[in-house]
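Hi,

Here is the structure I promised to pass on. Have a look, and then read my notes below.

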Amino acid sequence: MSAVLVAGAAALLVGFANGFATRTDAWYHALRQPAWKPPDWAFGPIWATILALAAGAAALGWVASPGAADRLLLLWAFGLNAALNVAWSVIFFRLRRPDWALAEVGLLWLSVLLLVAVLARVSGLAAALVLPYLAWVGVAGLLNLRIVRLNPGRAGLRGL
């Protein structure tokens with residue numbers, strides 16, 4: 001199976017898992033949000049673009065990797081990132097713990113930075129394709145921080 005198909009399927013799986021985990025219900029709408037938060041409808045297209053770029057980066061990195069050890073590192077880095085990506089949605093939306101999600105988003109950001117580093121070893125273009133992901137997770141982290149700060153004194157924000 002080609003690297004493009006596998007990477008694309010993996011990106012779709014991450015996207016579907018996040019879609020399943022994300023609930024914009026009454027609890028979410030009761031959260032005080034910063035004025036600069038993008039509208040809810042924008043998150044789908046943003047994430048679709050980021051995941052498509054990441055899939056392209058993964059395929060380029062796979063093809064450019066000179067050996068099995070490099071490919072194993074690439075798989076490990078993308079697997080870790082996918083797990084952390086989905087975990088954030090579960091923690092924030094399903095567990096309703098933006099405070100815990102704030103800690104987790106730091107790990108997610110570091111995992112994207114790891115992707116950039118791993119990909120840069122084999123392909124500058126592949127590493128560059130992941131930079132919007134790094135930037136977006138930075139924005140998501142700031143948004144998560146503002147939500148926690150705008151909703152103080154609510155044990156894990158569960159009582160909203």
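Predicted model: local features only at pLDDT ≥ 70, side-chain atom pairs only at ≥ 80, totals over all residues.

First, a term you'll need: buried means under 20% relative accessible area, exposed means over 50%, and partly exposed is in between (1.4 Å probe, protein chains only). Residues are numbered from 1 along each chain as its sequence is written, and side-chain values use heavy atoms, leaving out hydrogens and water.

Now the rings. There are seven aromatic pairs in the structure (rings of Phe, Tyr and Trp, the last by its six-membered ring, with centres within 6.5 Å; planes under 30 degrees apart are stacked, over 60 edge-to-face, the rest tilted). One is edge-to-face: tryptophan 47 with tyrosine 133, 5.8 Å centre to centre and 80 degrees between the planes. These two sit 86 residues apart, in helix H3 (residues 40–64) and helix H7 respectively (helices are DSSP runs of H or I, at least four residues, numbered from the N terminus). Tyrosine 133 counts as buried because its relative accessibility is 2%, while tryptophan 47, at 22%, is partly exposed.

Tryptophan 88 and phenylalanine 93 also pair edge-to-face, since their centres are 5.9 Å apart and their planes at 80 degrees. Tryptophan 88 is buried at 17%, and phenylalanine 93 is buried at 9%.

What about asparagine 144? It lies in helix H7 (residues 131–150) and is buried, at 1% relative accessibility.

Cheers
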